[in-house]
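Subject: Structure handover and findings

Hello,

Please find the structure below, followed by notes on what was found in it.

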Amino acid sequence: MEWVENNYLYQSDEITESLNYLSNSFQFMNIEFFISQIEEKQYKIGIIGLGYVGLPLMWTFHQKGMPVIGYDIDSQKTENLKKGIPYIKHLGKDMMQVLAGSDRCDATTDFSRLTEADAILMCVPTPLDHHREPDMSYVEQTTRTIGKHLREGQLVILESTTYPGTTQELIIPLLEELSGLTSGKGFYVAYSPEREDPGNADFNTAGIPKVVGAHGEDALKLAQALYDTAIVETVPVSNTKTAEAVKLTENIFRSVNIALVNELKVVYESMGIDVHEVLDAADTKPFGFMKFTPGPGLGGHCIPIDPFYLTWKAREFEKHTRFIELAGEINTTMPIYVIDRTIQALNVHKKAMNGAKVLVIGLAYKPDVDDMRESPTFKLFDLLKGYGAEVSYYDSYIPVVLPTREHEEWIGTQSVTWNRETISSFDAVIISTNHSDIDYGQLAEWSDCIIDTRNAMKGIEPKAGGHIFKA
Ligand SMILES: NC(=O)c1ccc[n+]([C@@H]2O[C@H](COP(=O)([O-])OP(=O)(O)OC[C@H]3O[C@@H](n4cnc5c(N)ncnc54)[C@H](O)[C@@H]3O)[C@@H](O)[C@H]2O)c1
């Protein structure tokens, strides 16, 4: 079909194209259009980084009926997701099979498909580099990729933990430079920290209120509408750097309090007082006290790392973060205390650490997960080896030490088997992580020298002639 108007000949497909362009421009100007798309579950959510944070986030949106697409540079993850093969143990098989069988879910390593998503949520790692300074390479690389494919109207949200100022100073300028668009006019940007607690049966992504800070009112409105579809509560704050600071504050709070109870543990132990009994009793106070639990040190992707993002940024403002530094110092020296206690324990059994066969239970940094990042168990391995001990570990969640950026010398080490013959062959057993699938009563029957850093042996008596040492 064709029309002649003002001496121009218009083809119908040209008209359609122009109308689409006008309609898209109008839609972009109209934030309500996107919100209606969200409400109608026509708004596709792209998640970059399908790890401990990205995968449950994808699941949460999918469960609420939203179309989702996951992106990762790791093709093994995208392939497993498409085939329904679990790769994060505590998330289970059922979830993976539902996602794999859904026509609302897709996964890819092809980043040119970023244009398919209406919102792009970044969940990539933010570790520390070898100088213990923020390693922003993953965030920067991902932002560059998004920038190259950014289309008008897309909402970009950073979920990775980072220093205050990242979104404003790094993300927005890069996206604008690479796309030629302007934040708040051509696309929307927000920051929303992830508060996921892997393995915590009491809370999942959907049930944890989500803090959101955005660049401009429209971006905030849109990001809030998006999270409102899937998360119990959205907590807006005035800008992205405030939201970034919220996450760091939460993790600094944990790091400092864990350091405090770790310090109390050492002090009370020297006085013959059981720190766990003290903390349990103190926890009966209905106000003004919050219980934290001591352990062999700090592990995981967050608590040992995130506080130092603030330390680094604070230097720019000539400010010092003394609490953070002190907490870091106390927490990182805890494995040395555990090894001292192990030497004392072996001594009671008239054995030396040099040449002793020592088993460490739990390689994961916390119970009932398969995440060994920053696990203090690795520090125990190194110290034990340094003293000439023969080191082994048991962890049903981590049957073999897989390649990581660190701990190269332990890669390929396999968990021992849980049976009387094997466990009783060790001179000492250190409980580093208290997984709930371990029969601690059985351990007391099989081992006569147990060093317990987690109060896992509470209420269990040692075997005749045996000892359970707290550490
Ligand atoms: N794990 C937690 O408990 C937790 C909790 C709250 C916040 N966080 C924060 O969330 C962020 C992600 O942590 P995580 O534990 O999910 O990490 P993870 O290592 O489990 O997952 C990150 C994923 O990102 C992928 N990736 C890396 N670079 C990429 C790139 N350039 N493009 C696409 N994908 C890329 C990796 O292959 C991996 O699958 C971090 O900032 C972390 O501090 C983690």
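A polar contact here is a pair of N or O atoms within 3.5 Å; within protein, one atom must be able to donate a hydrogen and the other to accept it, and residues adjacent in sequence count only if both atoms are side-chain atoms. This is a predicted model, in which local features need pLDDT of at least 70 and side-chain atom pairs count only at pLDDT 80 or more, while totals for chains, interfaces and linings use all residues. Residues are numbered from 1 along each chain as its sequence is written, and side-chain values use heavy atoms, with hydrogens and water left out.

Ligand site

Thr142 has a polar side-chain atom 3.3 Å from a nitrogen atom of the ligand. The ligand alone exposes 820 Å², of which the protein buries 93% (Shrake-Rupley areas with a 1.4 Å probe; for residues, only the protein chains shown count as cover).

There are 27 residues around the ligand, and Val53, Asp72, Thr126, Thr161 and Arg373 come nearest (a residue is near if one of its heavy atoms lies within 4 Å). By class, this shell has 12 nonpolar, 8 polar and 7 charged residues (Ala, Val, Leu, Ile, Met, Phe, Trp, Tyr, Cys and Pro are nonpolar, Asp, Glu, Lys and Arg charged, the others, Gly among them, polar). Helix H6 (residues 137-149) gives the most to the shell, with 3 residues (helices, H or I, at least four residues, and strands, E, at least two, are DSSP runs numbered from the N terminus).

Aromatic pairs

The structure holds 12 aromatic pairs (ring centres within 6.5 Å, using the six-membered ring of Trp along with Phe and Tyr; planes under 30 degrees apart are stacked, over 60 edge-to-face, the rest tilted). Tyr163 and Trp312 have ring centres 4.9 Å apart and planes at 55 degrees, so this pair is tilted. Tyr163 sits in the loop between strand S7 (155-158) and H7, and Trp312 in helix H11 (residues 307-316), 149 residues apart. Tyr163 counts as buried at 8% relative accessibility, and Trp312 as partly exposed at 28% (buried is under 20% relative accessible area, exposed over 50%, partly exposed in between; 1.4 Å probe, protein chains only).

Ring pairs also link Phe33, Phe34, Tyr43 and Tyr188 into a cluster.

Regards
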